[in-house]
Amino acid sequence: MNSVYDVAVIGAGPAGLAAATVAARHGLSGVLFDEQAAPGGQAYGAPTAGPNLPPDARGGDARRAALVNALRQSGATHVPHATVWAARKRDDGLYEIGVVYGAPEARSVRVATTRAVIIATGAHERPFPIRGGTLPGVLTAADGEVRLRTAAIDRACRVVVAGTGPLLWRVAAQYLDAGVALEALLDTTPRVRRWLALPAVWDIARAPDFLERLARERAVRRRVRVIENVTALEACGPGRVESLQFAVGGDTQVVRADLLLLHHGLVPDINLGGALGCALGWNEAQACFAPIVDAWGGSTLPGVFVAGDAAGIAGAEAAEARGHLAALAVANALGRIDAKARDAAALRPRVALRRALRGRAHLDAAHRPADLCRVPHGDTIVCRCENVTAQRVIEASRLGSSGPNQVKAYTRCGMGPCQGRFCGLTMTELVARECGTSPEAAGYFRLRWPVKPITLAELAAAPSSPEAERAVVRGPMR
């Protein structure tokens, strides 16, 4: 690693690949940190073929190849197997980034110094708490997709997919293509959402992937029992999931299942930016928190930009364009190009971004998860890591809680290894409901370092400095 970089890009998905490439092309010394072995992120990084899939079972290979080749030709430094666990702004305006990287048996700890940071950490699946959701055999749809590509699947396995959103239908189609017959697809999309999405129907019809998604949904409907307007779910089984109980129109039904895949859309990964100090805002359309950014991805911290789905869910094509724009903004901020050259170079990515965002309003309106699915009750597990139920959160909120952070102290909800990624939004909405306020007013967890689990040995091996040591001992160095 260099002593000081012009820009550090965190995450090698479409946004990160585009940002690192464009930055290098404009003469910036840059480094791209990524947790995965190969670049591409969740959108493009996984292999297209596995033990259950034909080679052409997933698109994106051509786009991934183009982005990776462009990165290699640009000269940017790519560091795989790199976990960014901390970052801070120094008094001189530079940023220090704590990184653990290398093979598991020989991890190295380094601190990279940089003038600017582009956060491109992407998204993760929205929390979808249901009763029985912690039983073995209950996975998220994205986890089910990874399992299909990387592990052997018993084709006699009874699979049920449930939830809402385009990814749900994509995963269902992949399992069918792999020869796995689905027991059912349970669509939890409220009927009213379809009506609320009607004003944006023209935009979705002009979206680049509209016909592809429409054909996929029709193909699934021809081969799978699709049950719509599902209002309640419960996974049942003594030792692992054996059946799924659900409600439709007041009637309770049961379907057998050996594998249950749940999905309620994606939400931005806000932990890194939030811990660094970027201000967060509530996105009502997507029912989640996201960093507050400008048209270039600039956050409320000077020199820190957020690109791709980490700034708001919009998909791979939009992420690539956002990464391009963020890199141009950094090049301008560091004096490599003037504002006129920046704006001229931004014309093409802005056109691509507008095209990619067609239909986004329709998707957000049509697939916004129902309140009943987002805000659980009773003994439904909210925090898997600490085994905290919705009732415990509700009781803590009624003690006069000032927000999620106080409830976190009462219940330990959000203190586990996932650091709130899979319970934070649920906690916010539960507290907001019980306190009679909005999720934005209730707020989110106070995000802190480390944002990813690291060992004590790795933490102890981190390079130190007199300034850091003074901060710990709270006194002058002797």
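These legends describe close-up views of a predicted model. Local features need pLDDT of at least 70 and side-chain atom pairs count only at pLDDT 80 or more, while totals for chains, interfaces and linings use all residues. Residues are numbered from 1 along each chain as its sequence is written, and side-chain values use heavy atoms, with hydrogens and water left out.

**View 1. Three strands form an open antiparallel sheet.** The order is β12-β13-β14. Strands are DSSP runs of E, at least two residues long, and helices are runs of H or I, at least four long, all numbered from the N terminus. Two strands pair if DSSP finds at least two bridges between them. β12 (230-236) and β14 (251-256) are the edges; each has a single partner strand, so one side of each lacks a neighbour in the sheet. From one strand to the next, the twist averages 20 degrees. Axes here are lines fitted to C-alpha atoms, for helices over the stretch in contact, and angles run from 0 to 180 degrees between N-to-C directions. β13 (residues 243-248) joins β14 through six bridges in the antiparallel sense. Gln 245 has Val 254 of β14 as its bridge partner.

**View 2. Five strands form an open parallel sheet.** The order is β8-β15-β9-β10-β11. β8 and β11 (226-227) are the edge strands, each pairing on one side only. Three bridges join β8 to β15 (residues 259-264) in the parallel sense. Val 138 has Leu 260 of β15 as its bridge partner. Helix α5 (residues 166-177) packs on this sheet and touches β9 (159-164), β10 (182-187), β11 and β15. Contact means heavy atoms within 4.5 Å. The direction of α5 makes about 175 degrees with that of β10.

**View 3. Arg 126 is buried yet has no salt bridge.** Buried means under 20% relative accessible area, exposed over 50%, and partly exposed in between (1.4 Å probe, protein chains only). A salt bridge is a side-chain nitrogen of Lys or Arg within 4 Å of a carboxyl oxygen of Asp or Glu. Glu 429 has the nearest side chain of opposite charge, 5.0 Å away. Lys and Arg count as positive, Asp and Glu as negative; His and the chain ends are not counted. Arg 126 sits in the loop between β7 (123-125) and β8 (138-140). Its side chain reaches the backbone oxygen of Gln 286 at 2.5 Å. The backbone oxygen of Ala 287 lies 2.8 Å from a polar atom of the Arg 126 side chain. Leaving out residues up to four places away in sequence, Arg 126 touches several residues, among them His 264, Pro 369 and Leu 425.

View 4. Arg 216 is buried, with a relative accessible area of 18%.

**View 5. A salt bridge joins Glu 284 and Arg 368.** The closest N and O atoms are 2.9 Å apart. Glu 284 is in the loop between β17 (280-283) and β18 (288-291), and Arg 368 in the loop between α13 (360-366) and α14 (371-374), so the pair ties together parts 84 residues apart in sequence. Glu 284 is partly exposed at 49% relative accessible area. Arg 368 is buried at 12%.

**View 6. Asp 187, Arg 194, Glu 217, Arg 221 and Glu 228 are linked in a network of salt bridges.** The whole structure has 28 salt bridges.

Key:
Polar contact = N/O pair within 3.5 Å; in protein donor to acceptor, adjacent residues only side chain to side chain.
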